[in-house]
Amino acid sequence: MPTPQDSQAPQLAPVAAAASAPRRAFFRRATAALGAVAATPLLAQAQVQNAVPAEAAPLAVPDWSRQPGEPVLWHPYGQPSEHERHVVRRSRGNAPFPGAASSMTPLADLFGIITPTGLVFERHHAGIPQIDPDQHRLVIHGLAKRPRVFTMDDLLRFPSVSRIHFLECSGNTGTEWRTPTSANVQLSHGLLSCCEWTGVPLSVLLDEVGIAPEARWILAEGADGAAMSRSIPVHKAFEDALVVYAQNGERLRPESGYPLRLFLPGFEGNMSIKWLRRLKIGTEPFQTREETSKYTDSLPDGTARQFTFLMEAKSVITRPSPGQVLRQRGFHEISGLAWSGLGRVKRVDVSVDGGRSWREAPLQGPVLNRALTRFSLGWHWDGSPAVLQSRVIDETGYVQPTREQLIAARGLNSLYHYNAIQSWQLSADGSLKNVHA
Ligand SMILES: Nc1nc2c(c(=O)[nH]1)N[C@H]1C(S)=C(S)[C@@H](COP(=O)(O)O)O[C@H]1N2
Ligand SMILES: [Mo]
């Protein structure tokens, strides 16, 4: 059977020398087909800046090691190093009016699976309302035996849960249907985040108000100027929906829905209504603006898919990716993110030859349900051009489609739910570019 080594393409090779023992064993399993793992250094000595032979002079002592540093409470709320000032949310611009805009997560500069709160992408239909939590209320009414108005204090008294999940806007990567448009992974895939969310299971609140047996749908409404509203199926409310007040260990940020939002794991981002003020229980979908004229998917035959809640499996290589430059040949780690609204990631494959051959990439773990999962694969770049791709398979067996497969199924009239395999073209000069391979 042909393997990547047989082809002309740059080779995917095992990672290992610097890894710890269990990690080594893991990589040996993951790369067993490639033979024994060599105990040679991964990086050639010349690649280490200012490298000096071991017997040479000790490290010079820099100025910052000769005096006391800044005091505690230098920043009462901690800030990143000033040298990381470029790692910020960015926006594509072109918003029809200033409130209806989005900003995107700098995926290429992040590690692991958790999105730092200040870098979580934002999507607002009418700006960020400044809400006084003491005045904020959540009303649950409609088909309820005991309709109720909850204060924030009430909600904080209920039993709470914390769960790590991704949140993806259904418009994420929507620029890529026809031409490779976005300059980098922040702009192509950055309507994506993964946080620890804390709040009350919606099922607890529904039990509290006594939901009627004939109830099938729940209207969720936001307190922003857009009064963003969507219909939620009751089965989702009882499965894993959360009414959330905290994110990554602290109360929600204003832009993320302070003081209260709905969170629906695995569903398109717009259903996780921010600044949640009302839940109305009914028997039919409420056919709001955001599920009739917006957030439906036009098909080639002129009909539209409605209520396309689930975000299907998707993956993207974040390192290396456009904007970054490979300055050296030799060892590099290909690393990226995979996720599925249907469940856990089962496997990620990586190709360096535009999808002709694939190698399974180890998952870093933890591999959580409906959360971002980090994959990484060691690679020896020989300096020749390459086309880097990743492809995820989730626990339901769903395989991330190629762009051709996606278009064959959906046509080109949809804006939302683009989840095709992404290609980054690596040139001999080490630069990367968004391409359709
Ligand atoms: N009330 C309200 N909820 C909202 C929105 C909004 O504009 N208003 N935007 C939705 C969309 S389109 C997305 S993708 C997510 C974005 O959540 P984030 O800004 O916390 O990333 O919130 C959703 N909930
Ligand atoms: Mo969205």
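Four bridges join strand E4 to strand E13, and the two strands run parallel. This is a predicted model. The protein chain holds 6 helices and 23 strands. Of its 437 residues, 50% are buried.

**Strand E13 and its partners**

- E13 also pairs with E8: 6 bridges join these two strands, which run antiparallel.
- In the pairing of E4 with E13, Gly 142 has Ile 281 as its bridge partner.
- Across from Arg 278 in E13 stands Glu 221.
- E13 is mostly covered, with 5 of its 7 residues buried.

**Nonpolar cores**

- The largest nonpolar core has 38 residues.
- Leu 138, Leu 202, Leu 205, Leu 262 and Ile 281 have the most contacts inside this core.
- Several elements give two or more residues to the core, including strand E4 (137-142), helix H2 (152-157), strand E8 (217-222) and E13.
- Helix H5 (234-239) and strand E10 (242-247) are also among them.
- Helix H4 (202-209) gives the largest share, 4 residues.
- Another core, of 35 residues, lies apart from the largest one. Among its members are Leu 337, Val 352, Leu 388 and Val 392.
- As a general point, nonpolar side chains in soluble globular proteins tend to be buried together.

**What does Leu 262 touch, leaving out residues up to four places away in sequence?**

- Its contacts include Leu 202, Ala 220, Ile 232, Leu 242 and Val 243.
- Leu 262 also touches Met 271, Ser 272, Ile 273 and Leu 276.
- Leu 202 is listed with Leu 262 among the residues with the most contacts inside the largest core.

**Aromatic rings and charges**

- The structure holds 8 aromatic pairs.
- Phe 267 and Phe 309 form a stacked pair, because their ring centres are 5.1 Å apart and their planes stand at 10°; planes under 30 degrees apart count as stacked.
- This pair links distant parts of the chain, 42 residues apart.
- Phe 267 sits in the loop between strand E12 (261-263) and strand E13 (276-282). Phe 309 sits in the loop between strand E15 (304-305) and strand E16 (314-319).
- Phe 267 counts as buried, at 6% relative accessibility. Phe 309 is buried too, with a relative accessible area of 11%.
- Trp 217, Phe 267, Phe 307 and Phe 309 make up one aromatic cluster.
- The charged end of Lys 236 sits over the ring of Phe 267, 4.3 Å from its centre.
- Over the ring of Trp 358 sits the charged end of Arg 391, 4.2 Å from the ring centre.

**Cis peptide bonds**

- The peptide bond from Arg 319 to Pro 320 is cis, with omega near 0°.
- Pro 320 lies in the loop between E16 and strand E17 (330-339).
- Gly 365 and Pro 366 are also joined by a cis peptide bond, with omega about 0°.
- Pro 366 lies in the loop between strand E19 (359-361) and strand E20 (373-381).

**Positive phi outside glycine**

- Leu 73 has phi near 60°, a positive value in a residue other than glycine.
- Leu 73 is in the loop between helix H1 (21-30) and strand E2 (101-103). Its relative accessible area is 67%, so Leu 73 is exposed.
- Thr 173 has phi near 70°, again a positive value in a residue other than glycine.
- Thr 173 is in the loop between E6 and H3. Its relative accessible area is 3%, so Thr 173 is buried.

- Among contacts with a separation of 6 or more in the protein chain, 71% are between residues 24 or more positions apart.
- Thr 179 and Val 435 are 256 residues apart in sequence but 8.1 Å apart in space, C-alpha to C-alpha.
- Thr 179 is in the loop between strand E6 (161-168) and helix H3 (185-189). With a relative accessible area of 45%, Thr 179 is partly exposed.
- The protein chain has an accessible surface of about 20800 Å². Carbon and sulfur atoms account for 54% of this surface.

Notes
Residues numbered from 1 in each chain as written. Chains lettered and ligands numbered in written order. Predicted model: local features only at pLDDT ≥ 70, side-chain atom pairs only at ≥ 80, totals over all residues. Heavy atoms only, no water. Phe/Tyr/Trp six-rings, centres within 6.5 Å; stacked < 30°, edge-to-face > 60°. Buried < 20%, exposed > 50% of the residue type's maximum accessible area, 1.4 Å probe, protein only. Lys NZ or Arg CZ within 6 Å of the ring centre and 35° of its normal. Core = buried A, V, L, I, M, F, W, Y, C linked by side-chain atoms within 4.5 Å. Contact = heavy atoms within 4.5 Å. Pairing = 2+ DSSP bridges. Areas by Shrake-Rupley, 256 points an atom, 1.4 Å probe, with all protein chains shown as cover.
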